[in-house]
Amino acid sequence: MFLLKGFIINMKTLIGMITFVLSFLPSVLFAEIVTSFDLENGMQVVVIEDHRAPVVTHMVWYRVGSADEQAGKSGIAHFLEHLMFKGTKTMAPGEFSEIVSANGGQENAFTSYDYTGYYQKVSADRLPLMMQIEADRMQNLILSEEEVLPERDVVIEERNSRTESNPSALLREQRSALQYFNHRYGIPVIGWKHEIEQLTQQDALDFYAKYYAPNNAILIVAGDTTPDEVRTLAQKYYGKRIPSLNLPERKRSQEPPHLAPLRIEMKDARVRQPMLVRTYLAENRKPGAQKDAAALEMLAQLLGGSGITSYLGQELQLKQKVALNVSAFYDGVSLDRDTFGLYVLPAPTTTSEQAEEALDAALQAFLDSEIDLAHLARLKTQARAAQIYARDSLSGLARRYGTGLTSGLTIEDIQAWPDVLQSVTADDVKAAARKVLNPNNSVTSWLLPKAEG
């Protein structure tokens, strides 16, 4: 408890007051110190300074993900991510991870539709070593058949444990395949199992040679360092890497007009509670034009992002009591069109038909009613506060810039996003809702119990 001018306030109230004040301060006061430059070989370098602790996050992002894969080779981007921890001309298989661990660091990697990334979190004085070994595996990877085939089995087992054994994950794959029937966002990042089983050593080497080059990569260093130090080190280690002269253009097949609502129902004996997920094709964040995406972000928060206080929470959970839980989701950081989604967990006494009818009626009522301006203002305050608090995570900051840059945004776009969100009006949200909640662009998916046997 705190005593302030005769009033006793608790910690929760104090934090709320601080958040309220912070939300009205200009974003420039909380903007990251970011420097960007390019090496002669085309590699982009981004430095995010933060001198509060003697640590750094070192990341290399490649502008290639599963949506860039050749047809019939699904999963190769993620498979190569696994293989990047094998040996190089100077390191034995597994030695990369051993070096990071021996120097007190943490490391990992990730693959998405639009990017593949590798990172290490280490003491600031270990940054040169991380650059040395990461630059080494950028172009010196060695893959033997004895290493590739067992690792392929590891990926298959990963798919078995995360997808094949998870009914909701299987439904998500089926829903995405319907949502994107011409774009490769409809193919799972990990790949279809029957195609993973056919991936070869040569497939991995070809993908590596095609995309892993400095002019297709972004180096991001966040933490206790300076642009001058990073420039010197980057030129020493990454500057030696040879740029590719044959990088393919990132041009994917796009979705044709969708002319009818699509539906899928999946029944599984492992399911105990029905679940409804509906997604709509939606616009992504675009360089220099993020207002539409910002309106969709605020729409998601209004409809279901704030839990029981959201519009759908009030209507379906509190008033009608037809749902145990509801939510709405949207990200928008993607190279091509994204999705806007709704989730409903029906109450035990509610049938799937009743739940879906209630959702449709609530959405129509939202379109026909005025937006609660006070609620919108609160959501903006929460968004501003969350962005301020997020600066405490170096890896989170680096990841924000990495996902944005590999998805076509600029540093200016990324830094402008908080203010773009604040500029969204009720009219913007309503216009975004009318555009995105188009039944012809939707896929309604149900996960339902199935009697065993």
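Q: What does Asp68 form with Arg252, and how far apart are the closest N and O atoms?
A: Asp68 and Arg252 form a salt bridge, with 3.0 Å between the closest N and O atoms. By salt bridge I mean a side-chain nitrogen of Lys or Arg within 4 Å of a carboxyl oxygen of Asp or Glu. Keep in mind that this is a predicted model, where local features need pLDDT of at least 70 and side-chain atom pairs count only at pLDDT 80 or more, while totals for chains, interfaces and linings use all residues. Residues are numbered from 1 along each chain as its sequence is written, and side-chain values use heavy atoms, leaving out hydrogens and water.

Q: Where do Asp68 and Arg252 sit in the chain?
A: Asp68 is in the loop between S5 and H2, and Arg252 is in the loop between H9 and S9, so the pair links distant parts of the chain, 184 residues apart. Those labels are DSSP runs numbered from the N terminus: helices are H or I with at least four residues, strands are E with at least two.

Q: Is Arg252 buried or exposed?
A: Arg252 is buried, at 9% relative accessible area. The cut-offs are under 20% for buried, over 50% for exposed and partly exposed in between, with a 1.4 Å probe and protein chains only. Asp68 counts as buried too, at 13%.

Q: Which other arginine does Asp68 meet in a salt bridge?
A: Arg250, at 2.9 Å from N to O. Arg250 lies in the loop between helix H9 (227-237) and strand S9 (262-268) and Asp68 in the loop between strand S5 (55-62) and helix H2 (76-83), so this pair ties together parts 182 residues apart in sequence. Arg250 is partly exposed, at 26% relative accessibility.

Q: What lies 2.9 Å from a polar atom of the Asp68 side chain on the backbone side?
A: The backbone nitrogen of Gly65.

Q: And what does Asp68 touch, leaving out residues up to four places away?
A: Arg63, Tyr113, Tyr211, Arg250 and Arg252, with contact meaning heavy atoms within 4.5 Å.

Q: Switching topic: how does Asp360 meet Arg278?
A: Through a side-chain salt bridge, 2.8 Å from N to O. Asp360 is in helix H12 (residues 352-368) and Arg278 in strand S10 (residues 275-282), so the pair ties together parts 82 residues apart in sequence. Arg278 is buried at 6%, whereas Asp360 is partly exposed at 35%.

Q: Which residues do shared partners join into one network?
A: Asp68, Asp114, Arg250, Arg252 and Asp336, through their salt bridges.

Q: How many salt bridges in the whole structure?
A: The search finds 26.

Technical notes. A polar contact is a pair of N or O atoms within 3.5 Å; within protein, one must be able to donate a hydrogen and the other to accept it, and residues adjacent in sequence count only if both atoms are side-chain atoms.
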